[in-house]
Amino acid sequence: MSHKLIIIIGSISGAISVILGAFGAHALKDCLSASGRLETYETAVKYQMYHSLALILLGILMLHFQHRFLNYASYSFLIGIIIFSGSLYVLCATGITKLGAITPIGGVFLIAAWVLLAIGIYKTA
């Protein structure tokens, strides 16, 4: 992915995170509290925002550093956001607890993204 596309994706994901956070805090708060899923929903929103910011940072870094591992990191961040936060959003919306089993896969992608970012920067120095 190009650095520009990574920044755009990170920005859009950040906007979606704010929208979903506001929606959860206002429209869904009572429902999420009643189901005991408010904390889970908040975790999904926080992780999406943190990693959206990481994508934006990565895109900016790619203006100065080029390495295939940085590109791999961008894909890993994106996949991690979708699987980790996405599975938690769907879990909160549907109550299907089996979805919690795939959430750690998203977490592994997020961890891998940070490691790939470190390796990519190291290899460019």
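Which residues have the most contacts inside the largest nonpolar core? In this predicted model, they are Tyr41, Leu58 and Phe77, within a core of 24 residues. The protein has five helices and zero strands, and its C-alpha trace spans about 50 × 25 × 15 Å along the principal axes.

**Overall architecture**
- The order of elements from the N terminus is α-α-α-α-α.
- Of the 125 residues in the protein, 34% are buried.
- Among contacts between residues at least 6 apart in sequence, 76% join residues at least 24 apart.

- Leu58 touches Leu70, Ala73, Ser74, Phe77 and Leu117, leaving aside residues up to four places away in sequence.

**Packing of α3 against α4**
- Helix α3 (residues 38-61) packs on helix α4 (residues 68-94) at an angle of about 165°, and their axes lie 9 Å apart.
- Because angles over 145 degrees count as roughly antiparallel, α3 is roughly antiparallel to α4.
- The two helices, α3 and α4, cross in a left-handed sense.
- On the α3 side, the contact residues include Tyr41, Ala44, Gln48, His51, Leu55 and Leu58.
- On the α4 side, they include Leu70, Ala73, Phe77, Ile81, Phe84 and Leu88.
- The residues of the contact between α3 and α4 comprise 16 nonpolar, seven polar and no charged.

Note on methods
Residues numbered from 1 in each chain as written. Predicted model: local features only at pLDDT ≥ 70, side-chain atom pairs only at ≥ 80, totals over all residues. Heavy atoms only, no water. Axes fitted to C-alpha atoms, helices over the stretch in contact; angles between N-to-C directions. Helix = DSSP H or I, 4+ residues; strand = E, 2+ residues; numbered from the N terminus. Parallel < 35°, antiparallel > 145°, perpendicular 65-115°, else oblique. Left-handed = near helix turned anticlockwise from the far one by under 90°. Contact = heavy atoms within 4.5 Å. Nonpolar A, V, L, I, M, F, W, Y, C, P; charged D, E, K, R; others polar. Core = buried A, V, L, I, M, F, W, Y, C linked by side-chain atoms within 4.5 Å. Buried < 20%, exposed > 50% of the residue type's maximum accessible area, 1.4 Å probe, protein only.
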